[in-house]
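Hi everyone, thanks for coming. Let's take a look at today's structure together, starting with the ligand and then moving to a strand.

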Amino acid sequence: MDQSPTSPNADQITYWNARAGNTWASMQKRLDAQIGAIGLRALDVLAPRAGECVIDIGCGCGTTSFEIARRVGPSGHVTAIDISQPMLEVARRDAEQNHVGNVSFLEADAQTYSFEPASYDALFSRFGVMFFADPVTAFKNLRAALKPQSGRLAFVCWRPLKENPWMAVPLKAAMQHLPPQEPADPLAPGPYAFADAERVKRILGQAGFGEIAATAHDQQVEMGRLDQAVEHCTRFGPLGRLLLEHPDAVAPVMQTLHKTLAEHISDGVVRMDSAVWIVTARRA
Ligand SMILES: C[S@@+](CC[C@H](N)C(=O)[O-])C[C@H]1O[C@@H](n2cnc3c(N)ncnc32)[C@H](O)[C@@H]1O
C-alpha cells in the first residue's frame, strides 16, 4: 500500500502504524470486552447470511471479521481491510491459529483500494470509517464494490463526545494537568468525525447510497477494574492522543482518574454510558 506522505490518508496511516496500532494490538482483548456488544448489535442489524461476501472496513485485529466469517459460513467470504500492519498481524495470527479459511486480511486504504467491482453483498465496520480524509470518495469507492440494488451497508460510529461520558468525563478531569486545547475541528478524521448523523447521511447520499438511516443506540460500557479503566483512558481516545504529546502529564492524570473513575464503580467494575449511531444504507 501507499505509505508515502502524499497518499490521501498519510496521517492516519502513520498514526495507526505507530503507537496507536501497537496499543490496540496489545490490548485488543480488553477493548473487545468494552465495545464487543456494540459491534454485535450493529452486526445483527447487517444480518449477514450464509454464502454472502462482506467487506469489514478498518477491521483492526479482526474480531468482527471472524464473527462475520462465522455467520456467512464456509460458502461465504470476508475481505477484511485495514491500514494498520501491527493490528493485521494479530488478525492474521488468530486466523491461522483458529484455522479460519474464509477471511482475507488486506493491508490497504479502503478509500482507494480497487475492490472487485459489484461483487460484494455487504459492507460492515465497527468504528473504522471515521478516519477518511475524503469520506465521499471513500464511500464512492466502497459503494462500487457492492452488488447493484441489493448491496447493503451497516456500520457503527460514535455520537458526540458530550454524549459519551465514558470518554468525556476522564478527559475533563485530566485537563487540569494539560495545557488548554484549541477546540478540535469536528469534521477532521477521528473518532468523532461522524458524530453528526446529518453529515453522515449527506456523505452517503453524495457517494450514491440510498435508504440511509442512522439509529441512536445507548449502551453502558464496562471499563474493567479501576486500574484497567484508568489505563484505558490514558491510552485510548482523545485523552490517549493528548497524553502522547504530553508524557509528563501521564502520572498526575492517572492519579486524578483514580479518584474520578472510582465514583463510577459498581460490582467492582467501572461502568459508564456510551452513545453510538448504527448507520444503514443500500447501494442505490
Ligand atoms: C478505532 S479502530 C477500530 C478497529 C476495529 N474495527 C475494532 O473495532 O476493533 C479504527 C481502525 O480503522 C483503521 N483505518 C483507519 N483509516 C483507514 C482506511 N483509510 N482504510 C482502512 N482502515 C482504516 C485503523 O487502522 C484502525 O484499525
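How many residues surround the ligand, and which are the closest? There are 20 around it, and the closest are Gly58, Asp82, Asp109, Ala110 and Arg126; a residue counts as near when one of its heavy atoms lies within 4 Å. Before going on, please note that this is a predicted model, where local features need pLDDT of at least 70, side-chain atom pairs count only at pLDDT 80 or more, and totals for chains, interfaces and linings use all residues. Residues are numbered from 1 along each chain as its sequence is written, and side-chain values use heavy atoms, with hydrogens and water left out.

Now, who touches what? A polar side-chain atom of Asp82 sits 2.5 Å from a ligand oxygen atom. For Gly58, a backbone N or O atom lies 2.7 Å from a nitrogen atom of the ligand. The protein covers 98% of the 590 Å² of accessible area that the ligand has on its own (Shrake-Rupley method, 1.4 Å probe).

On to strand β8, residues 269–283 (strands are DSSP runs of E, at least two residues, numbered from the N terminus). Twelve of its 15 residues are buried, so β8 is largely enclosed by the rest of the structure; buried means under 20% relative accessible area, with a 1.4 Å probe and protein chains only.

Technical notes
Polar contact = N/O pair within 3.5 Å; in protein donor to acceptor, adjacent residues only side chain to side chain. Buried < 20%, exposed > 50% of the residue type's maximum accessible area, 1.4 Å probe, protein only. Helix = DSSP H or I, 4+ residues; strand = E, 2+ residues; numbered from the N terminus.
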